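Please consult the sequence and the structure shown below.

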Amino acid sequence: MDTARLLELCEDFRHRGRDVDDDVVTWIGRDVERYKAAYYVEPVPELPPAPLAELLPLMGWLIYEASWNAVQQVQAAFEAMDEQEREQSARAYGYIRRLADAARGLVWPEFAPRALGAIRSQALAESKRDTEAGYDAAYIVHQEARDRYRSYCGTHGDLAGREDFLLALDEVLLQLALAETGTACRTAERVICRWSEDFAGAGTDDEERWVQRMYKQLFEAVEIGRRALDTARTIKDKHGLVHVVTLRRLALVTGYRNPGIMTARAALLALALCPAMEHLQRMPAAAATWEGERALLIEQVTHAYNAIQEPVSNADGTPMPMKRDHQRALVQLRLNLALLVPGHSLPSQDPFDPCLTPDPLDDEAVTGLSSWLLQHESGGGPNHGNIIGAATLPLFNQSVVALRSFTGNGPAYYPWRRRWYKLGRYSEQSGREARVEAALRVSEARPSLGVRTE
């Protein structure tokens, strides 16, 4: 495919609603092999020769767009579906793996930086299997994407003429971080919220094993999320953010928001698990003490929250309203922090609803935020309060109570759960309320976690 054809396909995916198919995936794989056969010969030059130098950035973009399109066709927990239901997901999953292999097979891959998006897409597809093996595979692939990003940046270094490629890599980093934080939260969501269903019969040893595993993944996701947000700030200050994706630019003016949302979610979940980790006598990931670790995570939540609510303008300079799903996420994050750290101060910038104005985050704030989520619909149904509103993992609930006890009434978490049951994910499922109540009673009956209160 020449540059005109590659550009046409990229814009078809990005702007004209094209869906990935076997033809496109085959074309990509074929051309990647031809690049290697035609140009990668000894002695290998430092720079890709013409015309490959023009083809690589476009091929990277095409791999990015095609793999992302395929991810949208993979349904959650598709491996558990019957053969007919999982057919489309399995086909798209196969496309993603082929596209990721094409990205791995590129010659001079640092000159096709957007191809890293296919590695990200494979990790997301693996996590959508919603199995322990799928989460393991996703974690490994995320690590690969992170390593490749660092390697490609190192190859360009501070060499003259490489600035555009370094910018492109940093713009892709925003998507890598969004995917990794999303996978960490997805894993935690299944374990914490579906413990009563998917882990029935598991013992306390299993709870402790999962808490330690989730904490490690969440904390690593927070770190890359923070780096991405700081990188987005640098991009904005040096190059500006754009309103339309093109071959030259990827980071949109709203580019802060999704990475900010997922980074804050991951940090809140890690924060909720801190008392459980301390109880298990594990060492903090970054601080000298668990008190310091909690303070660090609260700062990460605040940093990400402020990035989400930063004002955004349209191309003509007029204010761009926050999308409804971003509004919902902001309310969820604020509610979760109010539940975990009663009394914490988190000022709102230009709040879109009165429920965001109470500061510090007290009982009034919790009630107002909970009411907003219940009263406003999302996708034809009520909003939910995110993972904390649906947790059935007993050790997680114990950890939340212990964390709340540092600054407020810890056991008041249980009455909130019961009063606002409908905010929990899966609240409409048959028998769910009884399973949630049983899980809360198990947590309440256990001794308090052995952690130091300040």
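How many of the residues of H7 are buried?

## Helix H7

Of the 31 residues of H7, 24 are buried, where buried means under 20% relative accessible area with a 1.4 Å probe, protein chains only. Helix H7 covers residues 163-193 and reaches 45 Å from its first C-alpha to its last, close to the 45 Å expected at 1.5 Å a residue; the expected span is 1.5 Å times one less than the number of residues. Helices are DSSP runs (H or I) of at least four residues, numbered from the N terminus.

## Basis of the model

The model is predicted: local features need pLDDT of at least 70, side-chain atom pairs count only at pLDDT 80 or more, and totals for chains, interfaces and linings use all residues. Residues are numbered from 1 along each chain as its sequence is written, and side-chain values use heavy atoms, with hydrogens and water left out.

## Nonpolar core

The largest nonpolar core has 152 residues, and Ile28 and Phe396 have the most contacts inside it. H7 gives the most to this core, with 15 residues. Such a core is a set of buried Ala, Val, Leu, Ile, Met, Phe, Trp, Tyr and Cys residues joined through side-chain atoms within 4.5 Å.

Leaving aside neighbours within four places in sequence, Ile28 is in contact (heavy atoms within 4.5 Å) with Met1, Met59, Leu62, Ile63, Ala66, Leu99 and Ala102.

## Glu220

Glu220 lies in helix H9, residues 204-238. Glu220 counts as buried because its relative accessibility is 16%. Not counting residues up to four places away in sequence, Glu220 touches Tyr139, Gln143, Arg146 and Glu180.

Key. Helices (H or I, at least four residues) and strands (E, at least two) are DSSP runs, numbered from the N terminus. Buried means under 20% relative accessible area, exposed over 50%, partly exposed in between (1.4 Å probe, protein chains only).
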